[in-house]
Amino acid sequence: MYTSAKPDGKNERRVIGVNGQWPPPVIYVDVGDTLTINANNKLDEPTSLHTHGFFQNGTNYYDGAVGATECGIPPNGSYTYRMNITQSGTYWIHSHYKAQYIDGLRTPLISRAAAEHYKYDEEVVLMLEAWYNRNSHDINDQLLSTSEAIRLKSFLPTTLVNSRGGSDVNVTKLTFTPGKKYRLRLLNVSGTGMIRFGIENHMLDVIELDGVDSEIKTVPSIQLSAGQRASVLVTAKDNVDYNYAYHADIFTDMQAGVERAELPYTGVVEYAPNAPLIAPTVIGHNKINTTMTWDFFDDIDMVPIDKRPSPGVNKWLPLEVRTAIYDDRREHMAFNNRTYSPPLVPSLITALTTGYQGWYPDVYGYKTYPVILDHLEDVEVAIFNMDTNSHPFHIHGHNFFIIVRGTVDKNPKNRKEAVGFPMRRDTITVPPLSYALVRFKADNPGIWMMHCHMQFHNEQGLALTFVEAPFQIINDTKLPDQMLKNCQALGIPTSGNAMGLKGLDLANDAHGPYPLAGF
């Protein structure tokens with residue numbers, strides 16, 4: 001339901017709350033639990049809930065991706081999401097209808113293991129966010145405007161920490177007790193922007209990425225792209241002589257419509273109320289004295305605790321990522337110049353109602369960029385980022401094994417390969433003019449999106465659809481009646497191809513727009 005909030009302490013705006021509360025509460029579960037979410041939509045548009053990072057093995061219809069696995073929950077409608085908790089770690093729940101989660105429909109989901117690999121004294125959840133004082137529809141309309149002047153008009157975000165920000169550092173203060181060890185669970189729930197986190201004069205021991213526990217990697221700071229999570233251990237000082245600034249700085253290179261800038265934010269780690277503060281200082285023209293760095297956090301040399309051999313390569317999928325002006329006069333982003341748009345009929349329904357034709361990519365619609373996978377096929381995705389912006393790519397239903405990183409100029413000095421058992425995560429950042437080779441095994445039949453988690457990039461077309469093991473989907477999936485009723489309430493057919501027609505009757509299936517030469 002809608003409510004209003006002033007999270008930066010200055011600008012009030014309409015937000016999406018839960019049960020009249022904003023921000024929504026953090027959700028805690030234990031492995032072995034069953035999580036039930038009764039979602040009743042009191043908005044004036046459809047909505048959905050995606051449990052980001054959960055594989056939804058056997059429950060593809062609870063993945064929440066509108067257009068892929070459900071029609072959405074209509075206004076005044078409801079849907080009950082039920083999922084068995086089999087994964088531990090740091091996750092989050094957010095709307096997966098357009099860019100709606102930018103309006104506040106997101107919250108951390110912490111899944112606790114029966115026994116943690118590392119010991120610590122206290123745990124702190126830090127939800128980091130680049131926040132806009134504009135609603136998601138306004139921003140999306142700007143970025144997809146046919147006017148270059150409108151499209152490139154600057155709009156800068158502000159930092160929120162656990163949905164609070166502004167100039168009053170007391171609302172985002174962390175309190176440390178000398179000698180204690182803290183687990184900080186960091187989540188970047190932004191719709192745009194990378195966030196750098198670190199504490200002056202403290203080191204971070206990284207122990208988890210995107211729900212995958214790892215051996216310790218010690219760094220002064222860590223960067224998280226939209227959708228990424230990490231856990232770090234921080235050992236408090238053994239005295240209360242000083243308080244220390246912590247950073248949650250935004251870097252806006254990830255959105256072409258946003259002015260490229262470092263937007264610093266400093267909070268306070270308090271050891272004693274009246275202790276002097278150790279904070280970054282200006283030491284010269286544009287130079288800051290700080291222990292933080294903007295060095296790229298290299299996840300390829302992380303080592304998972306649960307060591308699994310990398311899949312092989314049965315299927316190779318090369319993806320070139322480019323931004324261009326298309327023949328509709330709008331700026332789009334795409335894999336292989338093929339922009340994504342959601343189909344009328346969700347791809348999961350198409351897989352279940354078109355019989356043997358569910359094996360043909362065409363039935364899912366050209367604009368969904370469907371990629372058919374055999375059951376248990378080993379897949380390698382080669383992501384070539386030809387843009388001058390970074391992109392964080394998220395896969396539903398799986399983790400990526402990170403195999404190789406490099407630059408598109410093929411400079412061997414920039415190539416780095418995983419050694420031994422590769423690190424796994426569900427959201428991988430590919431820097432500008434760089435590439436990443438990632439793999440996964442197609443062992444989870446269903447419809448799974450892969451998309452940029454810069455949510456506005458997703459809206460501009462940077463997504464595709466994995467149709468994984470179509471025959472197994474048919475044999476093993478029965479859709480909840482509630483989901484089909486929601487489709488009917490929204491006027492969406494509950495059978496047929498992407499257009500709601502029979503088989504390969506797709507004469508009017510749109511293929512454009514297409515990039516203009518020279519743009």
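A disulfide (a pair of cysteine sulfur atoms within 2.5 Å) joins Cys-71 to Cys-487, with an S to S distance of 2.0 Å. Welcome to this predicted model, where local features need pLDDT of at least 70, side-chain atom pairs count only at pLDDT 80 or more, and totals for chains, interfaces and linings use all residues. Residues are numbered from 1 along each chain as its sequence is written, and side-chain values use heavy atoms, leaving out hydrogens and water.

**The disulfide**
- A search of the whole structure finds one disulfide.
- Cys-71 sits in the loop between strand E5 (50-52) and E6, while Cys-487 belongs to helix H6 (residues 481-489), so the pair ties together parts 416 residues apart in sequence.
- Helices (H or I, at least four residues) and strands (E, at least two) are DSSP runs, numbered from the N terminus.
- The torsion about the S-S bond of Cys-71 and Cys-487 is about 90 degrees, so this disulfide is right-handed.

**Burial of cysteines**
- Cys-71 is buried, at a relative accessible area of 7%; buried means under 20%, exposed over 50%, and partly exposed in between, with a 1.4 Å probe and protein chains only.
- Cys-487 is buried too, at 0%.
- Cys-452 also counts as buried, with 0% relative accessibility.

**A strand pair**
- Strand E4 (residues 34-40) has a covered face of Leu-35, Ile-37 and Ala-39, and an uncovered one of Thr-34, Thr-36, Asn-38 and Asn-40.
- E4 and strand E6 (residues 78-84) run antiparallel, joined by seven bridges; strands pair if DSSP finds at least two bridges between them.
- Asn-38 has Thr-80 as its bridge partner in E6.
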